[in-house]
Amino acid sequence: MTRLTPADLEAARDRLVPDVVADGLSVLFCGINPGLMTAATGHHFARPGNRFWPVLHLSGFTPRLMKPSEQDELLSYGLGITNVVARATARADELSAEEYREGGRLLGEKVERLRPGWLAVVGVTAYRAAFGDRKAQVGPQERMIGASRVWALPNPSGLNAHWTAATMAEEYARLRAAAAEGQRVTAGLSP
C-alpha cells in the first residue's frame, strides 16, 4: 500500500466512499462514517489499528483474514458494508446529532431497499444516535427495518479499549450464528 501523507489524509476529508452492497445480503455491516484513511484509499475500515477485518475472520464470517482492499469479496459471503453517515471525517465526534439522525433515516431507506437479513451497526453509540435509542445495548435489537433484523455490535476501532479482538469476535460470532439460523429457516430447513 502506498504511504499516505498527512496532506493526502486531509484531502480525503468529506469524501464519500462507495458502499459494498447487494440485494438480499445475509448481513449488512454499518460503520459510523468513513475515516480519512478509508476515504483516501476507498477501502472500508482501512486504518491499520481498526480490528474489523481481524474480528470478521476470528468470528467465522470469513474463511481467512482479508485486507481492506479485498472488501468486494465480502459480497461472495453474503456480507456488505455501508455507513450511518457518508462523509469522511478524522473522528466520529466531528459529526453532528442531526447528521446521525439523517444518516439513520437514509440508512433505514437503504435497508428497506436492499433487504439484508441483518443490519449490524458497528458501534452501539452510533446506533443510539442514529435511531434515537439511548438505552440500546450491544446485541440484537427489538427494532426491525422492513423485514431486516438489527444488531448493535461493538466498535472495532483501536480506540475502543473496552473490547478486545477476542471478546468482539465472540459478539460477532453470535450474530453470525443468528444469521445462519435465519438462512436455514428461510430455506425451509429445520434448525
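This is a predicted model: local features need pLDDT of at least 70, side-chain atom pairs count only at pLDDT 80 or more; totals for chains, interfaces and linings use all residues.
1. Aromatic pairs overall. Seven aromatic pairs turn up in a search of the whole structure. Ring pairs join F29, F45, F52, W53, F61 and Y172 into a cluster. The next points follow F29 through two of its partners, F61 and Y172.

2. F29 with F61. The ring centres lie 5.3 Å apart. The planes of F29 and F61 meet at 85 degrees, so this pair is edge-to-face, because planes over 60 degrees apart fall in that class. The two residues are 32 apart in the chain. F29 belongs to strand β1 (residues 27-31), while F61 sits in the loop between α3 (52-58) and β2 (79-83). Both residues are buried.

3. F29 with Y172. This aromatic pair is stacked, with 15 degrees between the planes and 6.2 Å from centre to centre. Again, distant parts of the chain are linked: strand β1 supplies F29, and helix α6 (residues 165-186) supplies Y172. The separation is 143 residues.

4. F29 has 0% relative accessibility, so F29 counts as buried. Y172 is also buried, with a relative accessible area of 0%. The cut-off for buried is under 20%.

5. The largest pocket. Its space comes to about 880 Å³. The lining has 37 residues, and I32, N50, A92, N155 and S157 are the closest to the pocket centre. Two elements, α2 (36-41) and α5 (124-131), each give two or more residues to the lining.

6. Lining by class. The lining of the largest pocket has 19 nonpolar residues, 15 polar and three charged.

Note on methods
Residues are numbered from 1 along each chain as its sequence is written. Side-chain values use heavy atoms; hydrogens and water are left out. Rings of Phe, Tyr and Trp (its six-membered ring) pair if their centres lie within 6.5 Å; planes under 30 degrees apart count as stacked, over 60 as edge-to-face and the rest as tilted. Helices (H or I, at least four residues) and strands (E, at least two) are DSSP runs, numbered from the N terminus. Buried means under 20% relative accessible area, exposed over 50%, partly exposed in between (1.4 Å probe, protein chains only). On a 1 Å grid over the protein atoms alone, a cavity is a set of points where a 1.4 Å probe fits but cannot get out, and a pocket is an open set with protein on both sides within 12 Å along at least five of seven lines; lining residues have an atom within 4 Å of a point. Grid points are joined across faces, edges and corners, and a volume is the space filled by probe spheres set on the points. Ala, Val, Leu, Ile, Met, Phe, Trp, Tyr, Cys and Pro count as nonpolar, Asp, Glu, Lys and Arg as charged, and the others, Gly among them, as polar.
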